[in-house]
Amino acid sequence: MRWENLTADSEHGRADAALFGADAVTTRTFDTPEFRGITFHEIRARSIINRVPAVSRMSFQWTVNPYRGCSHACVYCFARKTHSYLDLDTGLGFDSQIVVKTNAPELLRRQLGSRRWQGEHIAMGTNVDCYQRAEGRYRLMPGIISALRDHANPFSILTKGTLILRDLDLIRQAADVTDVGISVSVGFTDTELWRTVEPGTPAPERRLEVVRTFGEHGIGCGVLMAPVIPFLSDRPDQLRATVRAIAAAGATSVTPLVLHLRPGAREWFMSWLEQHHPYLVPRYRRLYAEGSYAPKWYQRRITRQVHELAEEYGIGPTRTGMPRRIRPPQEPVEPPASGPTQLSLL
Ligand code: SF4
């Protein structure tokens, strides 16, 4: 593994200055059912607040990512590519070789206290899921949220992990002193599709329970409806079922995002497609013939359909008694045109 080449911006594809020392790596496995087959590489990071390159066109400038790799194992995950910077495999390796920045909470607290830090919004869960299974063991997020709360630093979290409910009280405390955005990713509600394409994630209905629970505690929660998977989750009745379920969970917003297949994710997804839906391979080759994105007309059609459904089902910030500082989550406006910083379609 190229630990010595990890850099302050390596999650963004640059290899300038060393971030981790090779001597800081401890490798662990745990013989419990939830961690079987997973190897954890514990490292001490030298920096934890990452700047998002301007070319990425994200709606946020700063991210914190305590993990790399993700046991949620979504076949389409964009972050797969980032594992190649560590000389790790972007397929099964991404799902099972998890890098853990064990000093993330203390490092973040220090960096937030630096005179150079301007207190800008920090987005989490935009590269890999900070509430993936590893978080149950390493418990980095409580320290991270506490640091953000204590510095009244605005932040947002995007996740597929139900584990976020463990930190609900902390998130509430943070929301009393700063702007907080919570968003859950639910691209579809088809259980069969979920089992094969997002095999390590909580089921969609469990994720929607998270949305519901946050709402019941006065914390508005948006849904990133991502990805909408062409020919597998984009039929009108499927879109309707998904938006209806999102509305029933009390989501404050729904933002659709069509599957994009950039290098790293594309090969893995296409081999999955070949195995599970071989008849769709030629249609995918045609739909993604121009590159990583489905054609604009297709994206617009899905967006329009979802927005119409959202209006029909009345999705919006309708709850009363919502804390003043709870805002709709910071969601990506659109996928980046270029550059390796990318939404992993959490
Ligand atoms: S899409 Fe999100 S939840 Fe799924 S593997 Fe990637 S980072 Fe994890």
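Visitor: In which sense do strand β4 and strand β7 pair?

Guide: Quick caveat: this is a predicted model, where local features need pLDDT of at least 70, side-chain atom pairs count only at pLDDT 80 or more, and totals for chains, interfaces and linings use all residues. Residues are numbered from 1 along each chain as its sequence is written, and side-chain values use heavy atoms, leaving out hydrogens and water. Strands (DSSP E runs of at least two residues, numbered from the N terminus) pair if DSSP finds at least two bridges between them. Here β4 (residues 62-64) and β7 (residues 122-124) have three bridges, and the sense is parallel.

Visitor: And what is the bridge partner of Thr63 in β7?

Guide: Look across from Thr63 into β7. The partner there is Ala123.

Visitor: Which are the edge strands of the open sheet of seven strands?

Guide: The order is β3-β4-β7-β8-β9-β10-β11, with mixed pairing. An edge strand here pairs on one side only, which gives β3 (49-51) and β11 (254-258).

Visitor: Are α9 and α12 parallel, perpendicular or oblique to each other?

Guide: The axes (lines fitted to C-alpha atoms over the stretch in contact, with angles from 0 to 180 degrees between N-to-C directions) of α9 (residues 236-248) and α12 (residues 296-313) come within 9 Å and cross at roughly 45°. Under 35 degrees counts as roughly parallel, over 145 as roughly antiparallel, 65 to 115 as roughly perpendicular, and the rest as oblique. So α9 and α12 are oblique.

Methods:
Helices (H or I, at least four residues) and strands (E, at least two) are DSSP runs, numbered from the N terminus.
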